[in-house]
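Trainee: Could you take me through this structure, feature by feature, and show me how each one is read?

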Amino acid sequence: MRKYLDQNNLEPEKVWCNKCGKELLVEQGYLKEGCFSARHLFGYFSHKDGMRHSFDLCEECYDRMTESFVIPVEVSEETELM
Ligand SMILES: [Zn+2]
């Protein structure tokens, strides 16, 4: 869950892990620790047509969630990080 400094929702003021409630480190509008952010708009063939769901997970909760997957997460490396 995020609270933003600006109206365009670009600079986070506070970020919390939706799973455990931990507040993640944010300094001057920049998130300074690992965070999995999900923003999904459900489409026509779902039961949530037109609903946007958003949540954030700290890295520990992300690891616990993905460790339970039957099929592992696909991982690739990026050389340029934003
Ligand atoms: Zn967490």
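**Rings and the zinc site**

Mentor: K48 lies over the face of F42, 5.0 Å from the ring centre; a charge sits over a ring if NZ of Lys or CZ of Arg is within 6 Å of the ring centre and within 35 degrees of the ring normal. This is a predicted model, in which local features need pLDDT of at least 70 and side-chain atom pairs count only at pLDDT 80 or more, while totals for chains, interfaces and linings use all residues. Residues are numbered from 1 along each chain as its sequence is written, and side-chain values use heavy atoms, with hydrogens and water left out.

Trainee: Which protein atoms are the donors of the zinc ion?

Mentor: Donors are N, O and S atoms within 2.8 Å of the metal (3.2 Å for Na, K and Ca), and sites may look incomplete because water is not among the atoms. Here they are the SG atoms of C17, C20, C58 and C61, lying 2.3 to 2.4 Å from the zinc ion, and along the chain they follow the spacing C-x2-C-x37-C-x2-C.

Trainee: Why is the arrangement around the zinc ion tetrahedral?

Mentor: Four donors count as tetrahedral if all angles lie between 85 and 135 degrees. The 4 donor atoms subtend angles of 102 to 115°, so the arrangement is tetrahedral.

Trainee: Is C17 buried or exposed?

Mentor: Buried means under 20% relative accessible area, exposed over 50%, and partly exposed in between (1.4 Å probe, protein chains only). C17, at 2%, is buried, whereas C20, at 45%, is partly exposed.

Definitions and conventions: Four donors count as tetrahedral if all angles lie between 85 and 135 degrees; four count as square planar and six as octahedral if opposite donors are over 155 degrees apart and all others between 65 and 115; anything else is irregular.
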